[in-house]
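Hi,

Here is the structure I said I would send over. Have a look, and my notes follow below.

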Number of protein chains: 2
Amino acid sequence: MVESTSAATSRRAGEILTSARKLCDPVLREAVSSLPEPLRLMGGYHFGWWDAEGAATPRQAGKALRPALTVCSAVACGATARAALAAAAAVELVHNFTLLHDDVMDGDQVRRGRPAVWTVWGIPDALLLGDALHALAIRVLVTGLPGRTATAAIARLESAVIEMCHGQHQDCRFRTVGPVDVEEYARMAMGKTGALMGCACALGAVCARADPPTVSAMDTFGRELGMAFQFVDDLIGIWGDPEITGKPASDLARQAMSLPVVSALGSGTAAAAELATMYGRDPAIDSMDTARAAALVESAGGRERTRRLAERRVRAAIAALTDPASAADLMALAGLVSDRNH
Amino acid sequence: MVESTSAATSRRAGEILTSARKLCDPVLREAVSSLPEPLRLMGGYHFGWWDAEGAATPRQAGKALRPALTVCSAVACGATARAALAAAAAVELVHNFTLLHDDVMDGDQVRRGRPAVWTVWGIPDALLLGDALHALAIRVLVTGLPGRTATAAIARLESAVIEMCHGQHQDCRFRTVGPVDVEEYARMAMGKTGALMGCACALGAVCARADPPTVSAMDTFGRELGMAFQFVDDLIGIWGDPEITGKPASDLARQAMSLPVVSALGSGTAAAAELATMYGRDPAIDSMDTARAAALVESAGGRERTRRLAERRVRAAIAALTDPASAADLMALAGLVSDRNH
């Protein structure tokens with residue numbers, strides 16, 4: 001039986017993720033183990049290593065896409081995977097610090113199919129664990145990378161954190177100020193998702209001591225891929241299978257301003273007008289007919305346009321690669337981002 | 001008229017704080033100005049530079065004790081004040097990041113006599129501003145200090161952040177698990193307050209390229225002083241004048257487990273038993289008779305014991321100084337901490 005190109009790419013991407021997670025996991029576990037109790041316990045629970053009492057679980061923590069991007073970027077720039085492990089772990093720690101805080105801000109009760117940390121230990125502890133993981137990320141870079149590489153990586157990572165804070169602020173704001181246009185949404189997504197994926201790739205290049213134009217190209221690759229990731233996430237948030245995604249409810253149920261919705265609302269169609277009425281209702285009073293809303297988003301062209309914008313971002317990501325021949329693994333990850341269903 | 005030693009010391013300490021604030025302010029303002037809006041606006045409001053609309057205010061931000069400790073420690077170790085400014089600003093940024101998060105966790109609505117950021121912009125923005133100030137602190141160290149000094153300072157500062165997270169966790173826990181003993185309270189205070197003050201002093205020594213024993217001695221000086229600071233803070237929280245402290249209500253009104261209370265509750269006196277009954281009531285139902293509670297804490301010896309423990313910590317701080325002759329300004333700050341009334 002001949003495997004299709006897409007299936008082969010997807011299989012390869014899966015192997016890359018598994019391999020990066022395997023390499024990165026000991027660094028992450030060592031870092032989290034250095035936390036005083038109960039921060040260590042809560043941290044390991046959040047990463048899916050054990051349950052709330054500390055008993056080992058077979059569950060895996062997330063996709064570990066960002067560490068894989070860091071490792072593959074380093075390899076694409078001629079370094080070993082090992083040279084980038086501290087950076088990969090630091091990026092994953094920052095990602096998880098923001099997840100912990102975002103879950104509190106957004107009131108999201110489920111993370112990776114399990115109760116979010118704040119629902120188990122309370123809001124203060126979830127905030128403190130997030131702050132501690134942020135600190136840990138930087139400490140991993142200081143201890144795990146040689147001097148100048150460390151300072152360059154730290155400066156980039158903290159700048160990404162500030163961009164993420166700004167992106168999350170905008171995202172929260174969209175919930176109260178009503179519809180935004182596609183461009184404003186894209187700027188938010190660049191901060192919220194693009195900045196850290198760009199940083200993940202740039203840090204791989206920094207660990208490989210690549211020249212500034214290469215670091216910058218890797219940053220662009222990651223940012224564009226991050227945007228595509230967010231747009232596909234928005235599609236999954238409406239049309240994904242809850243059994244596969246681990247997310248219990250449609251984004252539409254909480255009247256989220258995701259790209260398909262923003263795009264649909266701006267389409268000037270009759271479907272847009274009906275959707276706007278549904279979004280205008282008080283969600284605390286009326287439960288949204290999410291199936292009807294999804295049909296309206298689709299007939300207003302929101303699904304198709306989001307799909308097209310995601311594909312455009314993947315193409316822009318690949319176009320940014322200065323040496324595609326050495327970046328086969330990054331290409332496979334890019335393919336995964338656009339084709340994923342969770 | 002001959003000025004008393006205590007008045008002269010207090011005047012000198014005031015001058016040191018003013019001078020450190022003046023030196024540090026431009027670095028802080030430049031850092032906060034680099035934030036994207038509205039994080040910049042919110043940051044400047046929190047520091048007291050302008051009101052919520054951005055109009056300049058004559059108000060000053062806090063005491064700036066920590067930056068003064070960093071600068072004076074550097075000078076005591078033979079460096080210029082200027083060499084330690086980035087570190088001083090970074091410590092102050094971290095201190096303010098934790099204030100922003102603590103105010104959310106503790107539900108404290110007033111900060112330095114003004115509405116806390118979360119009451120003006122909401123909880124998500126206050127959390128994001130805290131996260132951004134944390135990132136900014138590290139970025140200031142990377143850009144403002146030479147390579148090896150930067151990485152040493154960053155490692156120390158992030159370790160202090162983790163200790164602070166743990167201390168704040170314990171402090172939150174004390175509110176639900178009931179009385180603790182004096183030793184457990186002291187461990188909490190070491191994390192919550194001692195760690196960052198120790199770090200403030202250690203970073204001054206690091207900026208002066210002092211040898212490890214000197215850095216460690218400075219850390220001990222700052223930690224002991226930080227404990228004294230916390231204990232005096234606890235005294236002010238009960239017996240301070242709200243007009244001077246800018247804090248609206250007694251710690252007793254919210255049934256805080258501060259050192260005078262912990263100490264009183266553990267005294268085995270009749271006053272302790274009555275106080276325990278008052279602390280056992282549901283604060284949501286019964287408003288505490290704070291004057292009566294304060295009298296009970298005092299008659300159970302809680303006030304006197306806290307005062308003695310604070311003085312002991314100040315003495316331990318001074319004893320840690322390896323070269324007291326060069327540390328006159330640190331001694332003046334230590335005097336200020338034990339004699340302050342706000």
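How many residue pairs are in polar contact between chain B and chain A? There are nine, both residues of each pair being at pLDDT 80 or more; a polar contact here is a pair of N or O atoms within 3.5 Å, where within protein one must be able to donate a hydrogen and the other to accept it, and residues adjacent in sequence count only if both atoms are side-chain atoms. Salt bridges between chain B and chain A come to zero (side-chain nitrogen of Lys or Arg within 4 Å of a carboxyl oxygen of Asp or Glu).

Before I go on, some housekeeping. This is a predicted model, so local features need pLDDT of at least 70 and side-chain atom pairs count only at pLDDT 80 or more, while totals for chains, interfaces and linings use all residues. Residues are numbered from 1 along each chain as its sequence is written, chains are lettered from A and ligands numbered from 1 in the order in which they are written, and side-chain values use heavy atoms, with hydrogens and water left out.

Back to the interface. Chain B and chain A each put 35 residues into the contact (heavy atoms within 4.5 Å). About 3000 Å² gets buried between them, 79% of it on carbon and sulfur atoms; that is the accessible area (1.4 Å probe) lost on putting the two parts together, summed over both. Leu128(B), Ile162(B) and His169(B) supply 19% of what chain B buries against chain A, more than any other three residues.

On the chain B side, helices H4 (85–106), H6 (123–144) and H7 (147–177) each give two or more residues (helices are DSSP runs of H or I, at least four residues, numbered from the N terminus). H7(B) gives the most, with 14 residues.

How are the copies arranged? A 180° rotation with 0.0 Å of shift along its axis puts chain B on chain A, RMSD 0.0 Å, which is the relation of a two-fold axis. The superposition is by least squares on C-alpha atoms of residues with pLDDT of at least 70 in both. Also, 100% of chain B's interface residues are interface residues in chain A too, so the copies meet through the same surface.

Some backbone details as well. The Glu37(A) to Pro38(A) peptide bond is cis, omega near 0°, and Pro38(A) sits in the loop between H1 (5–33) and H2 (39–46) of chain A. A cis bond also joins Glu37(B) and Pro38(B).

Cheers
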